[in-house]
4 protein chains.
Amino acid sequence: MTRRYVITFGCPDRVGIVASIATFLAELGGMIVEAAYHTDQDTGWFFTRQEIDAATLPIDVDELRTRFGEVAARLAEHSDWQIMDTASRRRVVILVSREGHCLYDILGRVASGELDVDVPAVIGNHPDLAPITEAHGIRFHHVPFPPGDRSGAFAAVRDLVEAAEPHAIVLARFMQILPAQLCERWAGRALNIHHSFLPSFVGAKPYHQAHQRGVKLIGATCHYVTAELDAGPIIDQDVIRVGHADSVTDMVRRGRDIEKVVLARGLRWHLENRILVHGNRTVVFQY
Amino acid sequence: MTRRYVITFGCPDRVGIVASIATFLAELGGMIVEAAYHTDQDTGWFFTRQEIDAATLPIDVDELRTRFGEVAARLAEHSDWQIMDTASRRRVVILVSREGHCLYDILGRVASGELDVDVPAVIGNHPDLAPITEAHGIRFHHVPFPPGDRSGAFAAVRDLVEAAEPHAIVLARFMQILPAQLCERWAGRALNIHHSFLPSFVGAKPYHQAHQRGVKLIGATCHYVTAELDAGPIIDQDVIRVGHADSVTDMVRRGRDIEKVVLARGLRWHLENRILVHGNRTVVFQY
Amino acid sequence: MTRRYVITFGCPDRVGIVASIATFLAELGGMIVEAAYHTDQDTGWFFTRQEIDAATLPIDVDELRTRFGEVAARLAEHSDWQIMDTASRRRVVILVSREGHCLYDILGRVASGELDVDVPAVIGNHPDLAPITEAHGIRFHHVPFPPGDRSGAFAAVRDLVEAAEPHAIVLARFMQILPAQLCERWAGRALNIHHSFLPSFVGAKPYHQAHQRGVKLIGATCHYVTAELDAGPIIDQDVIRVGHADSVTDMVRRGRDIEKVVLARGLRWHLENRILVHGNRTVVFQY
Amino acid sequence: MTRRYVITFGCPDRVGIVASIATFLAELGGMIVEAAYHTDQDTGWFFTRQEIDAATLPIDVDELRTRFGEVAARLAEHSDWQIMDTASRRRVVILVSREGHCLYDILGRVASGELDVDVPAVIGNHPDLAPITEAHGIRFHHVPFPPGDRSGAFAAVRDLVEAAEPHAIVLARFMQILPAQLCERWAGRALNIHHSFLPSFVGAKPYHQAHQRGVKLIGATCHYVTAELDAGPIIDQDVIRVGHADSVTDMVRRGRDIEKVVLARGLRWHLENRILVHGNRTVVFQY
């Protein structure tokens, strides 16, 4: 794919926003390769995401940021915007425990080039997934979580994560609840996969809860991590049909296939700046 | 379809149940057209449903019930069984309010012969759906629900329903919470369609709740009515994908398409004795 | 919903199209309520659809058409555009045979106000569906199709359809193959529902074909009618899981639930000018 | 899971089959853990699959085979049956080319214990996937396929495959058409994943075909390999929604997620003897 600049922008809706941005880009000769717009009817907030063919612009990304900042300032007193350069490589740190299906899946996508990112570190509170990680040439850090006070362990995780300056921190069935300060520090960058169709079955053992309630579909939810458990902005969800013959073990096994796909989808959208968070909801510009 | 006797049977699992039932039927020359088995691993309860080609049996359904009762008694001290004759016509009473999509859908299926049942009465707490009901040649009863004490209204509904001796009482977006005594009286016969993916979004305005939580799929659930609101045994569920651009109004509109399909599916299974309730869960022998 | 003008526009892609259209609208004070863009990478064709809040424009729809025509002419020698006023009521004519599920479904949506259109006529080659049509206060025309030469029957259908000046002509399981001249006359206005996942199982008895091939999902396809049978631009498709226990009769019954939903979805998008046809493919701006 | 004997049996349907088999098992004290039945209405062929708790039987699997053979012989002149012992480990050989997503997925399932099988060999016509295979401790064989005569290469593949005596030969995006003799030799053991919703888009480049036709869902099909290309008995299929914004490249990427899940599901069912082939159709006893 050719190099692109990805503009994401949000401000209170009013007449002329699209015209201003589009005219700004057109005057520079910038070719819009993909564009999406949305206005939230409840809050009156306007969102847009635009991909510009970098080769059609006579200025570099820093200059684009400077000039776009002026446009943004004219459009609204308070706006929220970013310009991402697809040429700057994205870094992903993955947190795991013992269950490997989400990790395997991400590493497979990286190895095949489907997910074109660097994975500077995988961190596990158990060592089980070290061999497969290292087989992919990726550094695995084992940080044991002792019973009782876990603050030391979380400090170690924090240092390892932040040393990598990641664009995404993926909790790939990490099974440890992040302390509020880490949720705060990593807000908008930490993605979790929860093995239920949220808001059903928050917390521990969602498949057991699902089995007990006798639901006919089980689900998985990818969401941003916030201090309130399993309550952050939802990025994507999917479900799979189950029946009376499915034991909890069957549900665990079958649920993995949606967990890994939903997580991979959410991660891709996050890395492509397709997700705009607004309050506790997400706008996802999928194409 | 040729006439069939449908046996449903449940008892604590042990060696030899299938052999006893199958031998009993084979000795009568009964041809099993469809058979399904399940054992609940948590409770050790065995379930089966069998369809017998009535023409292959030398005895009538009453005699079959007598003799099968002897088999059942030999198999377990406490068993739970029923024999349904597909030649005896099924009656369905429908309770509605103002929203017509589920009613239209059921009446359309009845009119086309897809659902081969009698509908002796449709009862509404508003008169809005009388014309379409009467256009199908079906009697519509308007029972107004005054603010305040609703016990008189519910007594009227009860009398109308029970006069029809229905096999199924369908709450097709009825919007009134049945009192506990009616739930009790109609246990296992009253089906509700709830416009969410239960257990998410119990109670009023589930699409508003779903919109506010920012879910990416909305759902519908058909379940048996019990005294605890929206907590009865789930019969079927389905979902449809939504996105940030869907307003509550869009969700309401789009959700209708799954509500009506899920309700129709649940009703069909109920009428064909495909659903065996066990605690708060259902075994659904779909085929 | 407030009154809106819906602009659909397509031309060869180049820098500045969005800027021109957005600036034109902004200068008039027009508030864009919904906007979508797409460029086909194979042909380099640009597409957009925009909904403008009519109340924010100082000019009427005719004046808007005149002025937008000038913008369009400046943007490209050959462009393709339309402006639809949601205040002008849409007319739908429905062609049926004996199977009523799609007709029932559309009439139910019209009766409940979900589909806010006029249905000036339903035309059937059999009289079976006259009563339900007339119960909705809609005129039913029976046009018998004798064996042998059907040109007279088709001429009668043509006259009835065209007298209604419909925005959509819906073949709701009509079961007659339209002659090429009618396909031509009604190009882009005639929608068919085919009971398979096209391009699988073109032509007659698709459920029989599906059963024989042993597929594990059956489908339905809504498409524009063209002279080549079941080969027109696809608008929407959906599928439902089937298994070895489903007979052809089961497939017919279960398939209806997706046929009617897919057709209703396609019809809605068509009437809201959400579908732009390009060659034999469609761009569907769903939101 | 405790050790089980899995009986699969098929013969022309008649009264008393279930009784005979169930009585035979009950007299031995065998506990049926799972049972499923089906009669094909077109051909009158009866199918059953039963899982017996091995610990409840007083005889070993060889003795069970001998005695069950006598039952089978009494039931029909020509029947088709097998008894599989879950204690005997299953072997899977995987054939690949350059695309690794299906291989990664299977190896991940094996590594995590979800798929409890041996993989004695992975064979590739390109060496690309050797490192990941070897990282899992599995032997990779590179068999180059020169342009022109490929019979030598296929002979090498045949020898490598057959040396492993596999229960399943998985064509995990192998991209080479097996010669008819190999299809014959491996009938009922060779599974292919085709990247379309068959029978649509047989042969090469199905995503290109799908894109050109403008379908709104793309699919994947797992089927047994037969001499006629992509025409063998279908085991499982699934689809994913696509839109006008999806390029062929997007379809290729998104399709992988269903390819790998459908293939894994088919492989599991095959290894658990859940699939009974009858003519060109499959009976899949999923639970």
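A polar contact here is a pair of N or O atoms within 3.5 Å, where, within protein, one must be able to donate a hydrogen and the other to accept it. Keep that in mind as you click around this predicted model.

**Stop 1: chains D and C**

Start by selecting chain D and chain C together. How many residue pairs are in polar contact across the interface of chain D and chain C? The rule finds 21, with both residues at pLDDT 80 or more.

Now colour the side of chain D that touches chain C. Three elements of chain D, namely α7 (206-213), β11 (234-241) and β13 (281-284), each supply at least two residues to that side. Which one gives the largest share? Select β11(D): seven residues come from there.

**Stop 2: how much gets covered**

The contact takes 33 residues from chain D and 33 residues from chain C. Interface size is often given as the accessible area lost when the parts come together. For chain D and chain C, the buried area is about 2,800 Å², and carbon and sulfur atoms give 52% of that. Next, pick out R213(D), H244(D) and R281(D): they supply 26% of the area that chain D buries against chain C, more than any other three residues.

**Stop 3: a salt bridge to find**

Stay with chain D and chain C, where the rule finds four salt bridges across the interface. To see one of them, show the side chains of D238(C) and R241(D). Their closest N and O atoms are 3.7 Å apart.

**Stop 4: chains B and A**

Hide those two and select chain B and chain A. This contact takes 33 residues from chain B and 33 residues from chain A. The area buried between chain B and chain A is about 2,900 Å², with carbon and sulfur atoms giving 52%.

How many salt bridges does the rule find across the interface of chain B and chain A? There are four. For one of them, show R241(B) and D236(A), whose closest N and O atoms are 3.0 Å apart. The rule also finds 21 residue pairs in polar contact between chain B and chain A, both residues being at pLDDT 80 or more.

Finish on the side of chain B that touches chain A. Highlight α7 (206-213), β11 (234-241) and β13 (281-284) of chain B, the elements that give two or more residues to that side. β11(B) gives the most, with seven residues. By class, that side of chain B has 14 nonpolar, ten polar and nine charged residues.

Methods: Residues are numbered from 1 along each chain as its sequence is written. Chains are lettered from A and ligands numbered from 1 in the order in which they are written. This is a predicted model: local features need pLDDT of at least 70, side-chain atom pairs count only at pLDDT 80 or more; totals for chains, interfaces and linings use all residues. Side-chain values use heavy atoms; hydrogens and water are left out. Contact means heavy atoms within 4.5 Å. Buried area is the accessible area (1.4 Å probe) that two parts lose on being put together, summed over both. A polar contact is a pair of N or O atoms within 3.5 Å; within protein, one must be able to donate a hydrogen and the other to accept it, and residues adjacent in sequence count only if both atoms are side-chain atoms. Helices (H or I, at least four residues) and strands (E, at least two) are DSSP runs, numbered from the N terminus. Ala, Val, Leu, Ile, Met, Phe, Trp, Tyr, Cys and Pro count as nonpolar, Asp, Glu, Lys and Arg as charged, and the others, Gly among them, as polar.
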